[in-house]
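Take a moment to turn the model around before reading on. The notes below walk through it piece by piece, starting with a pair of charged side chains.

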Amino acid sequence: MQDEYYKLVKPRKYNKQYVYRFKGKFKDISKISGIDTLFLILFHLLGLIPKREDYKPLSPEMRREVRKMERYSNETRLIVTEKLKTTEDVKNYILQTEKDIEGVTNLRQKYRNKLRNCTDDNLIKEYKAKRDECTTILNECRKNLKISNWILEDTPKVKEVIKIEQQMKREQEDIAKTKKKDKYIGR
């Protein structure tokens, strides 16, 4: 299942950002399951995959979601890089990240303690570099933790928004079909 997804989405480097292209039909995407699929469908409904400049979302819910695009982009990047498929995977990732944060925090505190008692300039530089490295790792872990919590929070919302948008599309198609029928009947 996971291999099918990675056949469809191929990363391409562009200025240190990944651009994903979807190859295939979105009608076939229902065969793939997982959180990553939800966000792919959301991007399709928003008109980002494939790129459509003239597309405007129908439902007010979907218009609200357009405002959250940066957040959804970060969530999708985390889902793809960490290969998260289910909410259980996300919960496990959160637990692991919290453990990592705790471990790195303890390590950083040890370097801070060593800095207090150190008088050698070379060791001070070394400890400061290691402390700063720990801080950088902590920032990245905390950012990923926040994004993974957003994933858990946004998944039910995204499902609901997708459902509403698809329903409005069906209604619009039905209206268009009835107008066509009325046009032919009127001749």
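Glu88 is partly exposed, with a relative accessible area of 46%. In this predicted model, the side chain of Glu88 meets that of Lys91 in a salt bridge, with 3.9 Å from N to O. Lys91 is partly exposed too, at a relative accessible area of 40%. Both Glu88 and Lys91 belong to helix 5, where they sit 3 residues apart, about one turn of the helix.

## A network of charges

How many salt bridges are there in total? The count comes to 7. One of them joins Arg71 and Asp154, whose closest N and O atoms are 3.0 Å apart. This pair links distant parts of the chain, since Arg71 is in helix 4 and Asp154 in helix 6, 83 residues apart. Is Asp154 buried or exposed? Asp154 has 0% relative accessibility, so it counts as buried.

Glu153 and Lys157 both lie in helix 6, 4 residues apart, which is about one turn of the helix. Glu153 is partly exposed at 40% relative accessibility, and Lys157 is partly exposed with a relative accessible area of 36%. Through shared partners, salt bridges join Arg71, Glu75, Glu153, Asp154 and Lys157 into one network.

## The overall layout

Now step back to the whole chain. The protein has 6 helices and 2 strands, and along the sequence they follow the pattern α-β-β-α-α-α-α-α. Of its 187 residues, 33% count as buried. The protein exposes about 13200 Å², and carbon and sulfur atoms supply 50% of that area.

Contacts also tell us how the chain comes together. Among contacts between residues at least 6 apart in sequence, 66% join residues at least 24 apart.

## Helix 4 and the residue after it

Helix 4 covers residues 69-82, and its 14 residues should span 20 Å at 1.5 Å a residue. The end C-alpha atoms are 20 Å apart, which agrees with that expectation. Several residues of helix 4 are buried, including Met69, Tyr72, Glu75 and Ile79.

What follows helix 4? Lys83 does, and its phi is positive, near 55°. Lys83 is a residue other than glycine with a positive value, and its place is in the loop between helix 4 and helix 5.

## The nonpolar core

The largest nonpolar core has 29 residues, and those with the most contacts inside it are Phe39, Leu42, Tyr72 and Val158. Helix 2 (35-45), helix 4, helix 5 and helix 6 each supply at least two residues of this core. Which helix gives the largest share? Helix 6 does, with 10 residues.

Leaving aside neighbours within four places in sequence, Phe39 is in contact with Tyr72, Glu75, Thr76, Ile79 and Val158.

## Where helix 5 and helix 6 meet

There is 1 aromatic pair by the rule used here. Tyr111 and Tyr127 form this pair, which is tilted, with 6.1 Å centre to centre and 35° between the planes. Tyr111 lies in helix 5 and Tyr127 in helix 6, so the pair ties together parts that are 16 residues apart in sequence. Both tyrosines, Tyr111 and Tyr127, are buried.

Thr97 is another residue of helix 5 (residues 87-117). Thr97 is buried, with a relative accessible area of 5%. Beyond its neighbours within four places in sequence, Thr97 is in contact with Cys141 and Leu145.

Finally, find Asn149 in helix 6 (residues 121-185). Asn149 counts as partly exposed, at 36% relative accessibility. The C-alpha atoms of Asn149 and Tyr93 are separated by 10.0 Å, although these residues are 56 apart along the chain.

Notes:
Residues are numbered from 1 along each chain as its sequence is written. This is a predicted model: local features need pLDDT of at least 70, side-chain atom pairs count only at pLDDT 80 or more; totals for chains, interfaces and linings use all residues. Side-chain values use heavy atoms; hydrogens and water are left out. Buried means under 20% relative accessible area, exposed over 50%, partly exposed in between (1.4 Å probe, protein chains only). Contact means heavy atoms within 4.5 Å. The expected span of a helix is 1.5 Å times one less than its number of residues. A nonpolar core is a set of buried Ala, Val, Leu, Ile, Met, Phe, Trp, Tyr and Cys residues joined through side-chain atoms within 4.5 Å. Rings of Phe, Tyr and Trp (its six-membered ring) pair if their centres lie within 6.5 Å; planes under 30 degrees apart count as stacked, over 60 as edge-to-face and the rest as tilted. Accessible areas come from the Shrake-Rupley method with a 1.4 Å probe; for residues, only the protein chains shown count as cover. A salt bridge is a side-chain nitrogen of Lys or Arg within 4 Å of a carboxyl oxygen of Asp or Glu.
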